[in-house]
Amino acid sequence: FKQMDKEGLGYITKPQLVIFFTKKLGDKDAAFKKAEQFFKMMDDDGDGKITFHEFKRAKTQEVVHSSKNIIKDTFLALSKNKKSVDVDTFKDWIKDTDKNVTGKQVDNIIKNIDENGDGFIDFQEFETAMKSADDLTQSN
């Protein structure tokens, strides 16, 4: 992020990304396309800037979405019995992972994940949740 935010403003603009990718790729047209892709993926609020939080969230999601092993390892680390994670442990993990998440968002996440309402999240519920992380904070 710091390599792209040369001015240290705390956000990245599309022209900064084009410059960064032009240096990496050597092709301005390819760099422009790559910058467009980054903005579609990362500029959550559509303000034309990618903040560090947006960048971090997108990169984290990219890793989680692309690796089932990371999902499984995370589940096993959170699970005391290797079969499920209790919702209190899961809530604590969410709060530790994203300091900006609100109590209401955490409640919505749990409501969306713990489909059978038993107070535990099994691996299938956890995996589904991690693959659809964007939708979890929205209430049904």
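Q105 is partly exposed, with a relative accessible area of 26%; here buried means under 20% relative accessible area, exposed means over 50%, and partly exposed is anything in between (1.4 Å probe, protein chains only). You'll find Q105 in helix α6, where helices (H or I, at least four residues) and strands (E, at least two) are DSSP runs, numbered from the N terminus. Between Q105 and I94 there are 11 residues in sequence and 9.9 Å in space, C-alpha to C-alpha.

This is a predicted model, in which local features need pLDDT of at least 70 and side-chain atom pairs count only at pLDDT 80 or more, while totals for chains, interfaces and linings use all residues. Residues are numbered from 1 along each chain as its sequence is written, and side-chain values use heavy atoms, with hydrogens and water left out.

- Which residues of α5 are buried? In this helix, residues 87-97, they are V87, T89, F90 and I94.
- These residues sit on the same side of α5, because they cover an arc of only 155° around the axis (the arc is that of the directions from the helix axis to the C-beta atoms).
- The buried residues of α5 pack against α4 (68-78), β3 (84-86), α6 (103-113), β4 (120-122) and α7 (123-131); contact means heavy atoms within 4.5 Å.
- At the start of α5, D86 has a side-chain oxygen within 3.2 Å of the backbone nitrogen of D88. For a polar contact, a pair of N or O atoms must lie within 3.5 Å; within protein, one must be able to donate a hydrogen and the other to accept it, and residues adjacent in sequence count only if both atoms are side-chain atoms.

**Helix α6**

- Over in α6, the buried residues are V106, N108, I109, I110, N112 and I113.
- They pack against α5, β4 and α7.

**The nonpolar cores**

- The largest nonpolar core has 16 residues, and F90, I121 and F126 touch the most other members. Such a core is a set of buried Ala, Val, Leu, Ile, Met, Phe, Trp, Tyr and Cys residues joined through side-chain atoms within 4.5 Å.
- Two or more residues of this core come from each of α4, α5, α6 and α7.
- Which element gives the largest share of this core? That would be α6, with 4 residues.
- Leaving aside neighbours within four places in sequence, I121 is in contact with F75, K83, S84, V85, V87, F90, I110, I113 and F126.
- Another core, of 15 residues, lies apart from this one, with M4, V18, A31 and F39 among them.

**Aromatic pairs**

- How many aromatic pairs does the structure hold? There are 9. Rings of Phe, Tyr and Trp (its six-membered ring) pair if their centres lie within 6.5 Å; planes under 30 degrees apart count as stacked, over 60 as edge-to-face and the rest as tilted.
- The F75 and F126 rings have centres 5.5 Å apart and planes at 55°, so this pair is tilted.
- This pair links distant parts of the chain, with F75 in helix α4 and F126 in helix α7, 51 residues apart.
- Both F75 and F126 are buried.
- F90 and F126 make an edge-to-face pair, 5.8 Å centre to centre with 85° between the planes.
- Here too distant parts of the chain are linked: F90 is in helix α5 and F126 in helix α7, 36 residues apart.
- One aromatic cluster takes in F75, F90, W93, F123 and F126.

**Salt bridges**

- The structure has 5 salt bridges, each being a side-chain nitrogen of Lys or Arg within 4 Å of a carboxyl oxygen of Asp or Glu.
- One of them joins R57 and D44, whose closest N and O atoms are 2.6 Å apart.
- R57 is in helix α3 (residues 52-66) and D44 in the loop between α2 (28-42) and β2 (49-51), so the pair ties together parts that are 13 residues apart in sequence.
- D44 counts as partly exposed, at 46% relative accessibility.
- D107 and K91 form another, with the closest N and O atoms 4.0 Å apart.
- D107 belongs to helix α6 and K91 to helix α5, so this pair ties together parts that are 16 residues apart in sequence.
- D107 is partly exposed at 45% relative accessible area, and K91 is partly exposed at 23%.
- K99 and D96 also meet through their side chains in a salt bridge (4.0 Å, N to O), and both K99 and D96 are exposed.
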